[in-house]
Amino acid sequence: PADRALSAGEPPAAMTDDPLAFQLFTEIAIIDQLAGTAFERALPAGMTRAQFTVLHHLSRIAEGAQSPARMADAIQVSRAMMTSTVGRLAQRQLVEVLPDPADGRGKLVQLTAEGRAMRDTCIAAVAPLLPLANSVYPPTEMADLIAALRKLRERLDGDRD
């Protein structure tokens with residue numbers, strides 16, 4: 001398709017007239033779409049990208065458990081979407097929903113051993129995608145790119161409402 005031909009070479013003239021920061025965000029968005037689709041296709045049957053994102057988030061937080069509202073804010077999805085995703089994960093016993101001891105009406109979500117194992121299974125399932133990045137960037141260039149993108153992410157994260 002024509003879109004593929006454009007993405008393989010130089011951007012069309014109209015794009016080069018766009019502000020550099022806009023071009024950067026456009027490239028990130030396209031990469032997110034392409035990589036996200038490939039990532040989701042590689043996941044084990046029944047696992048969605050949204051579900052993996054929750055498992056991965058819970059594996060990274062220091063507290064070990066977090067409220068669905070706080071998770072929704074961190075992942076930038078609606079609370080309804082988070083409630084639905086957590087419900088599906090709880091049905092599969094990949095997370096457990098516990099009462100919040102600090103708030104009698106609140107709930108906390110924590111990863112189960114099965115959830116941690118599923119996160120690891122998902123990472124192993126997407127491992128065949130990783131050589132693609134390694135074929136484009138040598139390790140030092142990839143480390144520099146990660147540092148630059150992390151800097152942008154941290155700024156965007158700091159500017160959230």
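In this talk, a residue is called buried under 20% relative accessible area, exposed over 50%, and partly exposed in between, with a 1.4 Å probe and protein chains only. By that rule Gln-93 is exposed, because its relative accessible area is 55%.

Colleagues, the model before you is predicted: local features need pLDDT of at least 70, side-chain atom pairs count only at pLDDT 80 or more, and totals for chains, interfaces and linings use all residues. Residues are numbered from 1 along each chain as its sequence is written, and side-chain values use heavy atoms, with hydrogens and water left out.

Let me stay with Gln-93. This residue sits in the loop between helix 6 and strand 2 (95–100); helices (H or I, at least four residues) and strands (E, at least two) are DSSP runs, numbered from the N terminus. Its phi is positive, about 60°, although Gln-93 is not a glycine. Gln-76 also carries a positive phi, near 65°, and is likewise a residue other than glycine. Gln-76 belongs to the loop that links helix 5 (68–75) to helix 6 (79–91), and with a relative accessible area of 54% Gln-76 is exposed.

Is His-57 buried or exposed? His-57 is buried, since its relative accessible area is 14%. Its side chain makes a polar contact of 2.6 Å with the side chain of Gln-66. Such a contact is a pair of N or O atoms within 3.5 Å; within protein, one must be able to donate a hydrogen and the other to accept it, and residues adjacent in sequence count only if both atoms are side-chain atoms. Setting aside neighbours within four places in sequence, His-57 is in contact (heavy atoms within 4.5 Å) with Gln-66, Met-71, Ala-74 and Ile-75.

Strand 2 contains Pro-99, which counts as exposed at 56% relative accessibility. From Pro-99 to Val-109 the C-alpha to C-alpha distance is 8.8 Å, and the two are 10 residues apart in sequence.

Finally, Ile-28. This residue lies in helix 3 and, at 32% relative accessibility, counts as partly exposed.

Thank you; I would be glad to take questions.
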